[in-house]
Amino acid sequence: MTTNMAVRGSMFAVTAAKVSLVFLILPNLSRQDIGTLDLNGVWLASNGGGDINVNGTVPGCIHTDLMAAGRIGDPYFRFNDVEYRWIAKENWSYSRQFNVTDQLLKHAEVVLVCEGLDTAATITVNGHNVGQSNNMFRRYTFDIKSVLQAGLNTIQVTFQSAIKYAAEKNMSHADYMVPPDCPPAVQKGECHPNFIRKEQCSFSWDWGPAFATQGIWKNISIQAYDSAVIRDVHVTPKKGDGKTTLWLIEVTVYMDVAKTTKAPVTGLVSAQLQGFPTLFVKDNVKLKSPSDHLTLTLNVSSQFKVETWWPAGYGKQMLYKVGVTFVSTGTGEVSAKLVKLGLRTVELVQEPIKGSPGLSFYFKINDVPIFLKGSNWIPADAFKNRITTAYTRNLLQSAVDANMNTLRVWGGGIYEHEDVYDIADELGIMIWQDFMFACAMYPTDDDFLGNVGEEIQQQVLRIGNHPSVIAWSGNNENEAALAANWYGTDNTTQLHALYREDYVKLYVNVTMATVWSLDKSRPNITSSPSNGKETENENWVAKNPYDSHYGDVHYYNYKDDCWDWTKFPKTRFASEYGFQSWPSYQTLKKVSTSDDWTLDSDFNDHRQHHQDGNTQMLDQAKFHFALPTGDDPVQQYEDNIYLSQVVQAMCIKTQTEFYRRSRSEIIGGEGHTMGALYWQLNDIWQAPTWSSLEYGGRWKMLHYYAAKFFAPVMTVIFEDKEQLKVYVVSDLTTKLSQVTLQVQVWTWSSFKPLKSWTKTFDKEGNSADMIFNEATAQFLKDAACTKREACFITSGLLDSKQKPYGPTNSYYLTPLKTATGLAKVNITVSKITLLTDAPTPGTASALQVELKTTGPAPFVWLDSGEVEGRFSDNGFLMNVDTLTVQFYPLYSVKAQDFEKEVKVHSLMDIYRK
Ligand code: BMA
């Protein structure tokens with residue numbers, strides 16, 4: 001047994017030094033600590049039949065345990081997701097022995113604290129049933145005092161197959177169907193995930209495999225105490241009057257209190273802002289058993305020099321910590337917790353807009369309106385114990401390095417690991433946090449609702465201290481599914497009314513009500529997409545949740561040419577839109593064999609979980625490009641991967657630029673777009689998906705493009721009927737004085753522009769303006785461009801000293817398959833040098849790569865082969881004969897080793913015969 005002054009396994013363990021600071025205020029107390037016994041480590045994992053017995057790692061899951069024991073291979077390899085289906089259909093149990101001391105048993109309360117059980121389980125200690133679980137998103141605390149003994153004890157957690165549990169629950173829900181029953185066949189998934197409170201995509205998704213894991217996926221420990229323990233601390237900063245009071249920090253302390261026949265538990269609770277010894281508050285409390293809570297308020301007066309937390313690109317990400325301590329009067333027992341916070345305000349503005357029906361939908365942080373730029377986050381692995389802090393950091397760093405400021409933690413995955421929120425706090429990434437319900441109707445019997453209520457309460461208290469979290473949102477697309485009858489929920493009027501009632505029960509009466517009771521400091525949206533306030537007016541299920549005049553919109557269109565911006569909805573806030581591409585050959589190679597590397601291989605079909613996905617990618621490519629040609633099938637496979645990434649990058653570039661240029665205007669009653677979060681940031685495995693980061697972290701071409709189309713200041717070129725227009729967009733809060741817009745016309749046969757047009761002006765911050773507007777035909781004629789097919793346009797800004805400022809943009813006047821003069825050129829890596837002092841996102845030294853080309857080349861792609869890392873730019877248009885880019889390796893690499901791996905090519909190279 002270990003005795004520790006911190007509550008082990010809790011969110012933020014308190015170090016002795018930190019607690020002693022609090023003790024300065026509370027002298028002369030003889031201290032006695034909460035006893036904890038950590039049960040993490042090696043357990044025995046066995047299947048129901050008892051014929052498989054392997055080491056079970058806690059925290060962990062059965063799939064990785066079987067893999068570590070050599071019972072199975074890599075579950076992601078080839079068709080293993082289907083081969084290993086049997087694992088999820090078995091009932092697995094985890095057991096171990098542990099020693100307990102007399103001293104621990106003497107405590108009034110001895111509880112088993114399970115931070116996360118995945119999912120349906122019965123827990124026994126020494127053969128006695130101590131409790132049950134059926135929600136992987138909840139912490140369970142079981143009383144085990146009466147069944148423990150001094151000396152050796154045994155614990156067993158017996159899981160029921162999540163697939164079987166869900167099927168049983170569905171069967172017993174006899175009154176009416178809660179659809180959908182099963183996912184589309186192409187997903188090769190399991191049925192009825194909506195009947196179990198488990199990661200919904202673990203039963204498969206249109207980008208992911210079905211691995212319905214089982215296991216103890218978070219920490220597990222025993223806790224022993226006599227008075228009370230702090231279970232959660234929820235901190236809410238509120239703006240003060242700005243004169244005498246800068247901030248009021250409300251600290252709500254949630255405690256589990258020992259059952260006692262004697263007088264109520266009393267003690268002293270204190271809270272202190274770390275680093276400010278005189279900024280503390282304390283209170284004598286009388287606590288009710290079995291649980292109680294109280295609120296203390298820290299008054300941050302103007303004498304304390306505190307700083308606000310800002311999103312990336314707007315200022316510093318200042319973080320503080322509040323230490324909370326409870327000292328029991330009777331026993332001197334101490335329980336302590338340390339939680340992080342950032343001082344910031346958030347507001348979702350929904351108000352009338354002049355010239356437009358409906359309401360605005362945008363966020364203000366610290367009173368500054370902010371355009372939310374970013375993407376949607378899905379679970380980083382099917383097996384959560386494989387995700388390291390370094391891996392999470394690399395993904396999130398990649399997001400900010402691509403100029404993102406927001407991620408939506410999507411509702412079909414998990415309430416994320418603490419790392420995600422901690423790193424988001426540090427990097428200034430705002431989080432739109434969904435609750436975990438997606439693409440389904442859900443049951444609403446009392447057990448289910450009670451279970452969800454507990455889940456919401458615990459998650460709001462766990463995640464809600466993070467300044468990065470700026471919004472709660474009830475579910476993914478369930479309002480839309482109901483409104484648009486995705487699952488046959490309106491076949492009879494009577495049933496439709498019932499589904500609507502169920503919807504309100506779950507997301508309004510339980511979810512939203514629970515959130516409001518705990519946290520009023522953030523906007524609370526019922527669904528994404530929704531019409532915000534208008535959805536509320538329409539009794540929570542709007543007729544058209546995709547209305548562009550309200551709230552947020554999800555938009556997918558695989559049929560039309562994605563370079564045609566007129567197809568996109570001019571929404572207030574685009575929270576999802578996307579196109580698929582294949583991940584790199586290097587990434588796919590790890591889970592396939594050479595037989596798989598053709599477009600029509602079984603593997604290629606198998607990994608595609610979206611109906612007609614492979615055809616859609618090719619069809620979209622055909623709008624603008626000829627398909628790759630050549631005799632070597634593997635080469636052709638690689639060329640197709642490349643082309644799919646070109647197409648995805650261009651599609652999302654076009655759509656995002658449309659949203660960004662729409663931030664300041666209302667046209668035909670639509671506009672004032674203030675958010676663009678494309679679908680999706682990351683991948684759960686190696687497959688064709690909508691992601692811009694591959695499983696493993698490699699950047700697809702789209703991610704390089706994101707860095708440019710999300711740049712704080714950028715230009716957008718497009719045609720509106722016969723007019724060529726260029727907008728200048730600035731997300732800065734300050735004015736740019738005397739910037740010059742340069743618009744140039746080029747041909748494919750020269751490094752010199754045919755014509756340069758410039759204009760110098762002052763650019764206000766937080767706005768998008770049209771600076772250039774000319775008839776295309778006339779502009780090309782003036783440039784002596786003979787025909788559209790022969791030319792392309794670029795735009796860029798120069799600062800007041802005439803130096804390039806921000807990214808250069810380009811515009812192709814015709815599909816490149818019909819471009820004239822676009823020929824195969826010779827591009828080579830001409831020099832590689834090691835840069836020892838370059839600023840690198842990773843820890844290793846950067847390399848400088850010099851490129852030379854014999855002619856202009858679109859979509860120049862540098863490939864680092866087996867070397868992991870990323871370039872400063874990639875997928876670009878090269879219209880100079882020499883340029884340099886940096887390469888940032890993930891691990892140190894010698895220039896000569898890198899030279900062997902690095903390759904470069906451009907679009908015309910994929911036409912090999
Ligand atoms: C939206 C998302 C996901 C899905 C994606 C791509 O519906 O919310 O459910 O993966 O589109 O189809």
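The model is a predicted one, and its chain is divided into five stretches: domain 1 (33-222), domain 2 (228-330), domain 3 (346-710), domain 4 (714-818) and domain 5 (827-905).

The boundary between domain 3 and domain 4 can be followed in some detail. The centres of these two domains, taken over C-alpha atoms, lie 31 Å apart, and the contact between them involves 21 residues of domain 3 and 21 residues of domain 4. The size of an interface is often expressed as the accessible area that is lost when the parts come together. For domain 3 and domain 4 this buried area is about 1,700 Å², with 54% of it on carbon and sulfur atoms. On the domain 3 side, the residues that lose the most area to domain 4 are R660, R661 and R663, which together account for 31% of what that side buries.

Side chains of opposite charge can pair when their charged atoms come close, and the interface of domain 3 and domain 4 contains three salt bridges. The side chain of R663 forms a salt bridge with that of D731, at a distance of 2.8 Å from N to O. Polar contacts across the interface of domain 3 and domain 4 comprise 12 residue pairs, counting those with both residues at pLDDT 80 or more.

Which elements supply at least two residues each to the side of domain 3 that touches domain 4? They are the strand β26 (368-370) and the helices α15 (613-624), α16 (633-661) and α17 (701-709). Of the elements on this side, α16 gives the most, with five residues.

Turning to the structure as a whole, the salt bridges number 39. In one of them the side chains of D232 and R139 meet at 3.0 Å, N to O. This pair links distant parts of the chain, since D232 belongs to strand β17 (residues 228-239) whereas R139 sits in the loop between β10 (128-134) and β11 (140-143), and the two residues are 93 residues apart.

Covalent links are also present, in the form of three disulfides. One of these joins C182 to C191, with an S to S distance of 2.0 Å. Because the torsion about the S-S bond of C182 and C191 is about 105 degrees, this disulfide is right-handed.

Note on methods. Residues numbered from 1 in each chain as written. Predicted model: local features only at pLDDT ≥ 70, side-chain atom pairs only at ≥ 80, totals over all residues. Heavy atoms only, no water. Domains from an automatic or database assignment. Contact = heavy atoms within 4.5 Å. Buried area = accessible area lost by both parts, 1.4 Å probe. Salt bridge = Lys/Arg side-chain N within 4 Å of Asp/Glu carboxyl O. Polar contact = N/O pair within 3.5 Å; in protein donor to acceptor, adjacent residues only side chain to side chain. Helix = DSSP H or I, 4+ residues; strand = E, 2+ residues; numbered from the N terminus. Disulfide = S-S within 2.5 Å.
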